[in-house]
Amino acid sequence: MEVSEILIFTEIALCFLGTLCKDIMAVEPRFDVPIVNITVVAGKTAVLPCSIESLGEFKVVWTDQYSTLLTLAEKRIIDDERMVLDRPHTKDWNLLLHDVKYEDRGRYTCQINTLPIKTKTIELIVLVPPEILDTSSNDLTTKEGDTVTLTCNVTGIPRPTVQWFRKPHADSQEHHKERVKTTTHGHYGNQLSDDHCLYTVSHRGVGINGEILIIHNVSRYCDGIYECVAFNDVPPAVNRVISVMVEFPPEVWLNNKKMSQSLGKETILECKVTAFPQAVSVWRFENVFLANSLKHRIDIYKDKGHTIILSVRIMNITKEDFGQYSCFASNEFGEDEETMTLLEFNPPTKPRPVTTTEVRIFTTTPKTRSKLKSSEYDDFIPFKRNEGISHNRGNETFVDGLQFGIKCTGAIVRICAPYSMGKSNAGQTSLYYNGKLLISLIILFNFIIDIFYLV
């Protein structure tokens, strides 16, 4: 021990015994700040307050929970530069502790060397933000059916709470992660999370903070980015990301089972293959593997997660290109295949156009109508020159052995039309009844239309 240190301790002893101290003043010193507990986050600065009224010639001493002398009057005794005596005012004897460590927690005492000694005790509480230790799990790859254990070892004061989140590999957006739904260890038989994965959480033993996430009978739907987040209300919260890759056999999907195309055109067939790892993915036509050529072009596109899109472009289609096409995929864990049919496209035939027959309705003069009304129901009235009625052969009544005129029918509604009659009764009858049938159909059609509009 050096001479200076011996003198200091001697001075302290004699002072507290009253040998070198002056007479006690009439007004004894007192603490004017109530006893308080100080809470500080590790790494920050703690201020331990000590304010004394009427100190006079007395001395102030700071000690820790182990009765280690820290300061005497305005001198720092301990060899720790983090400790500083702070006196913003005459009556203040505050102890400053910079860069607080968790080991600094405990009871600190501000003392006055009166008889008896007066003391003020302050409890220093140190909070420690959460921290995830390197002994936690790293990225891993597993097989379907295995049990996966993810460990998240954490420290912090108070003890941090750990939560688990998951984001599928196929989802690149951060906000799509969801909290893992878990059960208590030993009671997980009936609870599944939304993604059909079975989880349980096992807490670590006494003295070890953290949680173990167990994924039972892992499947391809359980892979993804797992994140453990630790927090204890002392910012900042911390996290650790663990990638879980699950190996599984391929699955093949086809959007269409049948497709048609015209001769001379081109078409594209597509299938989706999901597998990990990706190995062999091919198109086959009639059990023959297709490759890039003047006829076929094979392309592979990356989709979400472990999915790829495999396409084959068929150029200048001929009849030989129609048939069964298969999308085949395999890896070391299995294989899968889906088949579709390419058919020839036959456009629908055009419907036959509807033909119409023009029917000319002959209009009679007043004089002719008067004669028609007085005749029988079915009359033949020959043309006359002076009535101004024309026909396709002029105004002659007889032309080339045919007599031209008007044929009328009907009792209530009289319908008349041009008519020609030869000398043969057979010809007359044939022409007559054909005209009569056509006129009757026209009357019926007009009658139906009138009823429709009235309704």
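The dialogue below goes through the disulfides of a predicted model.

Biologist: What share of the contacts joins residues at least 24 apart?

Modeller: Among contacts between residues at least 6 apart in sequence, the share is 59%.

Biologist: And how much accessible surface does the protein have?

Modeller: The figure is about 28100 Å², and 55% of that belongs to carbon and sulfur atoms.

Biologist: Now the cysteines. What is a disulfide?

Modeller: A disulfide is a covalent bond that joins the sulfur atoms of two cysteines. In a model, a pair of cysteine sulfur atoms is counted when they lie within 2.5 Å. By this rule the protein has 4 disulfides.

Biologist: Take C50 first. Which cysteine forms a disulfide with C50?

Modeller: C50 is paired with C110, and their sulfur atoms are 2.1 Å apart. The angle about the S-S bond is -70°, and the link of C50 and C110 is left-handed. The pair links distant parts of the chain, 60 residues apart: C50 sits in the loop between strand 3 (46–48) and strand 4 (52–53), while C110 belongs to strand 10 (residues 106–112).

Biologist: Are C50 and C110 buried or exposed?

Modeller: Both C50 and C110 are buried.

Biologist: Where in the chain are C197 and C222?

Modeller: C197 and C222 form a disulfide with sulfur atoms 2.0 Å apart. This link is left-handed, with -115° about the S-S bond. The two cysteines are 25 residues apart and lie in loops: C197 between strand 16 (183–184) and strand 17 (198–203), C222 between strand 18 (210–216) and strand 19 (224–231). Both C197 and C222 are buried.

Biologist: Is the link of C271 and C327 left-handed or right-handed?

Modeller: The link of C271 and C327 is right-handed, with 45° about the S-S bond. Here strands are joined: C271 is in strand 22 (residues 267–276) and C327 in strand 27 (residues 323–331), 56 residues apart. The sulfur atoms of C271 and C327 are 1.9 Å apart.

Biologist: Why does C271 count as buried?

Modeller: A residue is buried when its relative accessible area is under 20%. C271 counts as buried because its relative accessibility is 2%. C327 is buried too, with a relative accessible area of 0%.

Notes:
Residues numbered from 1 in each chain as written. Predicted model: local features only at pLDDT ≥ 70, side-chain atom pairs only at ≥ 80, totals over all residues. Heavy atoms only, no water. Helix = DSSP H or I, 4+ residues; strand = E, 2+ residues; numbered from the N terminus. Buried < 20%, exposed > 50% of the residue type's maximum accessible area, 1.4 Å probe, protein only. Contact = heavy atoms within 4.5 Å. Areas by Shrake-Rupley, 256 points an atom, 1.4 Å probe, with all protein chains shown as cover.
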